[in-house]
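Open the model in your viewer and keep the sequence panel beside it. The tour goes from one selection to the next.

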Amino acid sequence: QVQLVESGGGSVQAGGSLRISCAASGGTYSSNCMGWFRQTPGKEREGVAGISPSGLYPYYSDSVKGRFTISRDNNKNLLYLQMHSLKAEDTAMYYCAAAEPPCSPRLTSEYIWAYKYWGQGTQVTVSS
């Protein structure tokens, strides 16, 4: 059983930067695809960034491409999301999720069913 705990959320002004983290335990971290999702009340959950088990193949949604960077440390079982040029519309609860193989880092409807393990979320608030 995989357990995920997010941290690092907070409040930041528009244009600022923030890095959130996810600590994983249980399972075989280095074999899992990992992803960051976000959700605001009344909206559907959005997959914003995913990464392959090796870390070599990232995926980004169009809404964050060029501003966010996903990375992982397989030695420390950690996942990161570095966020730059933050906008008010980035305000959301951010969730870390894991998918056991076979999996894809592409967080589209075709593949997200495999993300079965979720953290409790960390809130990111961007003020304009």
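Select Ser-104. Ser-104 sits in the loop that runs between strand S9 (92–99) and strand S10 (115–118). Strands here are DSSP runs of E with at least two residues, numbered from the N terminus. This is a predicted model, in which local features need pLDDT of at least 70, side-chain atom pairs count only at pLDDT 80 or more, and totals for chains, interfaces and linings use all residues. Residues are numbered from 1 along each chain as its sequence is written, and side-chain values use heavy atoms, with hydrogens and water left out.

Stay on Ser-104. Its relative accessible area is 12%, so Ser-104 is buried. (Buried means under 20% relative accessible area, exposed over 50%, partly exposed in between, with a 1.4 Å probe and protein chains only.) Show the side chain of Ser-104: it reaches the backbone nitrogen of Arg-106 at 3.1 Å. Now display the surroundings. Not counting residues up to four places away in sequence, Ser-104 touches Cys-33, Tyr-111 and Tyr-115. Contact here means heavy atoms within 4.5 Å.

The peptide bond leading from Pro-101 to Pro-102 is cis, and its omega is near 0 degrees. Most peptide bonds are trans, and most residues other than glycine have a negative phi.

Two further backbone stops concern phi. Asn-77 is in the loop between S7 and S8. Asn-77 has a positive phi, near 55 degrees, without being a glycine. With a relative accessible area of 26%, Asn-77 is partly exposed. Next, pick Ser-85 in the loop between S8 and S9. Phi of Ser-85 is also positive, near 50 degrees, in a residue other than glycine. Ser-85 counts as partly exposed, at 41% relative accessibility.

**The aromatic cluster**

Select Phe-37, Tyr-115 and Trp-118 together. These three residues form one aromatic cluster. How many aromatic pairs does the structure hold? There are two. Rings of Phe, Tyr and Trp (its six-membered ring) pair if their centres lie within 6.5 Å; planes under 30 degrees apart count as stacked, over 60 as edge-to-face and the rest as tilted.

Take Phe-37 and Tyr-115. Their ring centres are 5.7 Å apart and their planes stand at 65 degrees, so this pair is edge-to-face. Phe-37 belongs to strand S4 (residues 33–39) and Tyr-115 to strand S10, so the pair links distant parts of the chain, 78 residues apart. Both Phe-37 and Tyr-115 are buried.

Phe-37 and Trp-118 form a tilted pair, at 4.7 Å centre to centre with 55 degrees between the planes. Phe-37 is in strand S4 and Trp-118 in strand S10, so this pair ties together parts 81 residues apart in sequence. Trp-118 counts as partly exposed, at 29%.

**Charges over rings**

Arg-45 lies over the face of Phe-37, 5.4 Å from the ring centre. A charge sits over a ring if NZ of Lys or CZ of Arg is within 6 Å of the ring centre and within 35 degrees of the ring normal. Arg-45 is placed in the loop between S4 and strand S5 (46–51). At 40% relative accessibility, Arg-45 counts as partly exposed. Neighbours within four places in sequence aside, Arg-45 contacts Phe-37, Arg-38, Gln-39, Ile-112 and Trp-118.

Jump to Arg-72. Arg-72 lies over the face of Tyr-29, at 4.5 Å from the ring centre.

**The open sheet**

Switch to cartoon. Four strands make an open sheet in the order S1-S3-S8-S7, with antiparallel pairing. Strand S1 (3–7) and strand S7 (68–73) are the edge strands, each pairing on one side only. Two strands pair if DSSP finds at least two bridges between them.

Begin at S1. Five bridges join S1 to strand S3 (residues 18–25), and the two run antiparallel. Val-5 has Ala-23 as its bridge partner in S3. In a regular strand the side chains alternate between the two faces of the sheet. Which residues of S1 are on its covered face? Leu-4 and Glu-6 are, while Gln-3, Val-5 and Ser-7 are on the uncovered one.

Finish at S7. S7 and strand S8 (residues 78–83) pair in the antiparallel sense over six bridges. Select Thr-69: it stands opposite Gln-82 in S8.

Definitions and conventions
Polar contact = N/O pair within 3.5 Å; in protein donor to acceptor, adjacent residues only side chain to side chain.
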